[in-house]
Amino acid sequence: MDMSVFDLFKIGIGPSSSHTVGPMVAARRFLLENAPLDDVTSVTAELYGSLALTGIGHGTDKAVLLGLMGETPQGVDPDAVEDMLAAADVDGELRLLGEKTIAFTRKQHLVFHMAENLPEHPNGMRFTLARADGSSASRIYYSVGGGFIRAEGEEAATDGKPAVRLPYPFNTMAELLGHGVSSGKTIPQMLRANELTRISEAELNQGMDRIWHVMRDCIQHGLETSGQLPGGLNVKRRAADLWRQAQGGDRANQLPHDALNGVSLYAMAVNEENAAGGRVVTAPTNGAAGIIPAVLKYYAEDCKPVDPITGVRAFLLTAAAIGMLCKRNASISGAEVGCQGEVGVACAMAAAGLVAALGGSNAQIENAAEIGIEHHLGMTCDPIGGLVQIPCIERNGMGAVKAITAASLSLKGDGTHFVTLDNVIETMRQTGADMQAKYKETSLGGLAIHVVSVNHAAC
Ligand code: SF4
């Protein structure tokens, strides 16, 4: 399959890869596809399905405006976003791609179709522009999870990269394991060889080191930042206070399970940053962005590896392989298969990555990944108020601990296991297909309707 480690791990901003990152990319792409823009007189963005139902809570409205301004998820300054949007709202104008100013108000030009879906995916959006000569252009895009987008009719999410011939092509775990048997290579070695068909070794290593650097910074910022999260639920940030307590506490009176708290807090710190619209890395989504950084930090610091740099790279390559399989054969979109496809997949990726970094065999990597997903099967997506806060933040803390448990169970065995990763991914796909829409990132069921929500009432 033609996916890269950098497709799974993308530097962006919170709070959602499918509802923030994807729409921002789509809005910008629409304008780039329709350049030049000098005679454009109006632009309208219409949001459908889950993007409409939870779009306000997920910041989709802001993301669309930023994309129309020409901003990218990796390039936009999270600290400047609110000022940029406020200026646009006050002026009633938008500067398209930083080039052409048009009249634009959210009320008139940003339309939420709460009761309608577009046919190919629950996260649909349509952009339309009009020109001075009376002509117009319109295109539909889908945000299909993890920041991936595709236009209507496109077979797969793509950013226009040419297809390459991979030394170890795989569409299933069975194929990847087969290559491992015939080549004698580990999963991270095969993924590395595949990546090197696209970029140089130096670019690959620098890119992965940068991903880890941003993840580490995100954890640190989250562990240092207290206060309240935006959105109207008045959710208090907890990671920093709990981290301070853990650091200054009476070590002699700590209980054995207190050791697990650090990993949960790393994950929660990332997801609090995400909920606040901070700089995060999709892993494989924003909603599930805390699990992999937390387990990576646990590996790099607590496991005391001899060569952490090499280990972190092996971790990321292996985690990416699992994410690619889940994306290709099921989904990493909460709007498509529920939270099993976000937190469940992130847990599987982290578990597999940790096993690889600790020198486990290919069979043990598969074993850890299948355990990671298996115990999230059926998990719904029901964020309160459409905000990526409750249950998402704690859920990442739990997912990180589960990933370490899955890796540990696998490493204690010899790789023999009953359920294959391909089996469990197919099970996730079918479970997601059977799941009612109200449990798939619509905030129409589950916790979202059993807890009073300021934001949802406002929608
Ligand atoms: S419940 Fe899970 S899938 Fe849904 S928004 Fe939260 S993290 Fe994402």
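1. The shell around the ligand holds three nonpolar, one polar and two charged residues. Here Ala, Val, Leu, Ile, Met, Phe, Trp, Tyr, Cys and Pro count as nonpolar, Asp, Glu, Lys and Arg as charged, and the others, Gly among them, as polar. The members of that shell are Gly287, Cys339, Glu342, Cys381, Cys392 and Arg395, where a residue is near a molecule if one of its heavy atoms lies within 4 Å of it.

2. A word on the basis, before going on. This is a predicted model, in which local features need pLDDT of at least 70 and side-chain atom pairs count only at pLDDT 80 or more, while totals for chains, interfaces and linings use all residues. Residues are numbered from 1 along each chain as its sequence is written, and side-chain values use heavy atoms, with hydrogens and water left out.

3. Where does the ligand sit? The space taken by the ligand is the largest cavity. A cavity is a set of points, on a 1 Å grid over the protein atoms alone, where a 1.4 Å probe fits but cannot get out; lining residues have an atom within 4 Å of a point. A molecule sits in a cavity if more than half of its atoms lie within 2 Å of its grid points.

4. The largest cavity contains about 160 Å³ of space, a volume being the space filled by probe spheres set on the points, which are joined across faces, edges and corners. Its lining counts 21 residues, and Gly287, Glu342, Cys381, Val388 and Cys392 lie nearest its centre. By class, that lining has ten nonpolar, seven polar and four charged residues.

5. Both domain 1 (16-151) and domain 2 (173-458) give at least three residues to the lining of the largest cavity; the domain bounds come from an automatic or database domain assignment. Helix 2 (17-33) and helix 18 (392-412) each supply at least two residues of this lining. Helices (H or I, at least four residues) and strands (E, at least two) are DSSP runs, numbered from the N terminus.

6. In total there are two cavities of 30 Å³ or more. The second largest cavity has a volume of about 30 Å³, and Leu65, Ala88, Asp89, Glu93, Leu94, Phe104, Thr105 and Arg106 line it. Helix 6 (81-91) and strand 3 (93-96) are the elements that give two or more residues to the lining of the second largest cavity. Sorted by class, the lining of the second largest cavity has four nonpolar, one polar and three charged residues.

Definitions and conventions: 1 Å grid on protein atoms, 1.4 Å probe; cavity = no way out; pocket = protein on both sides within 12 Å on 5 of 7 lines; lining within 4 Å.
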